[in-house]
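Subject: Structure handover

Hello,

Here is the structure you asked about. My notes on what turned up follow below it.

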Amino acid sequence: MSGTSRHNDVGSFLRARREALRPADVGLVAGARRRTPGLRRAEVALLANVSVDYYERLEQSRNAHPSQAMLASLARALRLSVDERDHLYRLAGCSPPLTGATGGYVDPAMMFLLDALTTVPAHVMDDLTTILAQNRLSQALLGSWKLGDERAGNVTWRWFTDPASRALNITEEHEAIGRGYVADLRAATARRGGDAVADCLIADLLRTSVEFGRYWDDMAVEPLRSTRKQLIHPHAGPLDVQCDVVLSSITGHRLVIFRPQPGSTTSASFEFLEVLGEQTFGT
């Protein structure tokens, strides 16, 4: 391989980005003194949810054809900017995602904020409400979602097709929450302008859920905004939260933060969830 090729392949790019990161940049504790700069290969593999052997082969250019889903996972793990993500796709011989598409990629600014939020549940989702990343408390509160999955990881889909997804929310708020998801979805599809993924999601929801169809016919249009919610957790009990939504102007990703209401016992309940983790529950 020529010198030019060595500096223009997937392995070299991954290695350079890995070595440029510190553990604190990705929410990890540095631990013992490190002999080499940057993250360890095992840490990147953990963040990307792949085996260490597979990631090592990628860096050594012994696996030149990673899938687009794998590229998105690597871009998320290495906190790549949109330009860096697109460059990685091109190096791998793939077309970069279209504007508005995520494929599991997460805005690095959102990942930084998510890593910093250690005392409250928080997750990142795209404009169609597909969850892309969760912190530990979000996993403890909501269970581990199939990140980036257009159905199993989509909040709106599960709200209208899986009754268990409503278990945390008090019954009195179900209609308002459902209408909120529908109005947000209509706003997102308008911004996307005839996007096939959004159109398919809507068609499947209309075919599957009478309730969704009823709300959809109301033609309400309103992006998700900060909303107060009353939750009932099977182990932590009542939770009084403000669901704040922070928007990325670059990708349209939303960081959803479950902020405790002042004067409530919710902060203490979150501390309990942090200790309990997912050892006795999860979805």
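Arg259 is partly exposed, because its relative accessible area is 35%. Its side chain meets that of Asp244 in a salt bridge, 2.5 Å from N to O. This pair links distant parts of the chain: Asp244 sits in strand 4 and Arg259 in strand 5 (residues 254–260), 15 residues apart. Asp244 counts as buried, at 16% relative accessibility. Keep in mind that this is a predicted model.

Strand 4 carries another such pair. Asp240 forms a salt bridge with Arg228, with the closest N and O atoms 2.7 Å apart. Here too distant parts of the chain are linked: Arg228 is in strand 3 (residues 227–233) and Asp240 in strand 4, 12 residues apart. Asp240 is buried, at a relative accessible area of 13%. Arg228 is partly exposed, at 47%.

Strand 4 spans residues 237–247 and also holds Val246. Val246 is partly exposed, with a relative accessible area of 31%. Together with Phe112 and Leu113, Val246 forms a nonpolar patch on the surface. The accessible area of the three together is about 250 Å².

Asp115 and Arg79 meet through their side chains in a salt bridge of 2.8 Å, N to O. Asp115 lies in helix 7 (residues 108–116) and Arg79 in the loop between helix 5 and helix 6 (82–91), so the pair ties together parts 36 residues apart in sequence. Arg79 counts as buried, at 13% relative accessibility. Asp115 counts as partly exposed, at 23%.

Glu59 is buried, because its relative accessible area is 2% and the cut-off is under 20%. A polar contact of 3.0 Å joins the side chains of Glu59 and Arg41. Beyond its neighbours within four places in sequence, Glu59 is in contact with Gly11, Ser12, Leu14, Arg15, Arg18 and Arg41.

Helix 3 covers residues 41–48, and its buried residues are Glu43, Val44, Ala45 and Ala48. Their cover includes helix 2 (10–20), helix 4 (52–59) and helix 5 (68–77). Just after helix 3, Asn49 takes a positive phi of about 60 degrees.

For the overall tally, a search of the whole structure finds 20 salt bridges.

Best wishes

Note on methods:
Residues numbered from 1 in each chain as written. Predicted model: local features only at pLDDT ≥ 70, side-chain atom pairs only at ≥ 80, totals over all residues. Heavy atoms only, no water. Buried < 20%, exposed > 50% of the residue type's maximum accessible area, 1.4 Å probe, protein only. Helix = DSSP H or I, 4+ residues; strand = E, 2+ residues; numbered from the N terminus. Contact = heavy atoms within 4.5 Å. Patch = residues over 30% accessible without salt bridge, like charges linked within 9 Å, V, L, I, M, F, W, Y side chains within 5 Å. Areas by Shrake-Rupley, 256 points an atom, 1.4 Å probe, with all protein chains shown as cover. Salt bridge = Lys/Arg side-chain N within 4 Å of Asp/Glu carboxyl O. Polar contact = N/O pair within 3.5 Å; in protein donor to acceptor, adjacent residues only side chain to side chain.
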